[in-house]
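Please keep the sequence and the structure in view while reading.

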Amino acid sequence: MASALVRRARGSPAAAAAALWAASRGFASVGSDIVSAAPGVSLQKARSWDEGVATKFSTTPLKDIFHGKKVVIFGLPGAYTGVCSQSHVPSYKNNVDKLKAKGIDSVICVAVNDPYVLNGWAEKLQAKDAIEFYGDLDGSFHKSLDLEIDLSAALLGRRSHRWSAFVDDGKIKAFNVEMAPSEFKVSGAEVILDQI
């Protein structure tokens, strides 16, 4: 598994090192089915409170997000936080046209936040038209993928590692996890573009 991750993390020594680190930690891996790895998990599409009420607080099953589609998904510790706001989301917003040109159907940001906070944040970043934002309210998606991290020292509680993946019809084709939530070396759009 580790050698497959390193092969997919072409382009930079940092990506290769992060791939080996991720493999040693037991994270989801290249070749895994992301839907099967998180059975029964649904995410909450970013929306206003009124939209939530109108949709009866509906959730989106993972199969509806991934099956039959080419998706680039990235996870981050939380809305309104430093690296997430200043680097991670902008890297995808600024490269969405390049990702779409490579056949990507959806670019998705997921965080352990409620969908209303994510909606406000996406609007503030002016990224809602380029990127689909989903909340993982209880962290079950990230727990299922072994991507949960305790960031209580930063007053954030249980959150997500910083990561990215290219998923084709539910199968993980490329997967990158930062070694620390404050790092931004392997999970940006520039890295995933080279892996598609």
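This is a predicted model: local features need pLDDT of at least 70, side-chain atom pairs count only at pLDDT 80 or more; totals for chains, interfaces and linings use all residues.

**The chain as a whole**

- The protein chain has 196 residues, of which 49% are buried.
- Among the contacts in the chain with a separation of 6 or more, 68% are made by residues 24 or more positions apart.
- The chain has an accessible surface of about 8,600 Å². Carbon and sulfur atoms account for 52% of that surface.

**The sheet**

- In general, the strands of a sheet pair through backbone hydrogen bonds, in either a parallel or an antiparallel manner.
- Here an open sheet is formed by seven strands, in the order S2-S1-S5-S4-S3-S8-S9, with mixed pairing.
- Strand S2 (60-61) and strand S9 stand at the edges of the sheet with a single partner strand each, so one side of each has no neighbour in the sheet.
- Strand S1 (residues 42-45) runs antiparallel to strand S5 (residues 132-135), and two bridges join them. Glutamine 44 has glycine 135 in S5 as its bridge partner.

**Helices packed on the sheet**

- The buried residues within H6 include Cys84, His88, Val89 and Tyr92.
- Helix H8 (residues 115-124) also packs on the sheet, where it touches S1, S3, S4 and S5. Its direction makes about 150° with that of S5.
- Pro115, Leu118, Asn119, Trp121 and Ala122 are the buried residues of H8, and they pack against S1, S3, H6, S4 and S5.
- At the start of H8, a side-chain oxygen of aspartate 114 comes to within 2.9 Å of the backbone nitrogen of tyrosine 116.
- After H8 comes glutamine 126, which has a positive phi near 50°.

**Strand S8 and its neighbours**

- Strand S8 (residues 163-168) has six residues, and five of them are buried, so the strand is largely enclosed by the rest of the structure.
- On one pairing, S8 is antiparallel to strand S3 (residues 70-76) over six bridges. Within this pairing, tryptophan 163 of S8 is the bridge partner of glycine 75.
- S8 is also joined by six bridges to strand S9 (residues 171-177), and these two strands run antiparallel. Aspartate 168 has lysine 171 in S9 as its bridge partner.
- The hairpin of S8 and S9 has two residues between the strands. In this hairpin, aspartate 169 takes a positive phi near 50°.

**Serine 106, a residue in strand S4**

- Is serine 106 buried or exposed? Its relative accessibility is 8%, and buried means under 20%, so serine 106 counts as buried.
- Serine 106 lies in strand S4, and its side chain makes a polar contact of 3.2 Å with the side chain of glutamate 132.
- Leaving aside residues up to four places away in sequence, serine 106 touches Lys70, Val71, Val72, Lys100 and Glu132.

Note on methods: Residues are numbered from 1 along each chain as its sequence is written. Side-chain values use heavy atoms; hydrogens and water are left out. Buried means under 20% relative accessible area, exposed over 50%, partly exposed in between (1.4 Å probe, protein chains only). Helices (H or I, at least four residues) and strands (E, at least two) are DSSP runs, numbered from the N terminus. Two strands pair if DSSP finds at least two bridges between them. Contact means heavy atoms within 4.5 Å. Accessible areas come from the Shrake-Rupley method with a 1.4 Å probe; for residues, only the protein chains shown count as cover. Axes are lines fitted to C-alpha atoms, for helices over the stretch in contact, and angles run from 0 to 180 degrees between N-to-C directions. A polar contact is a pair of N or O atoms within 3.5 Å; within protein, one must be able to donate a hydrogen and the other to accept it, and residues adjacent in sequence count only if both atoms are side-chain atoms.
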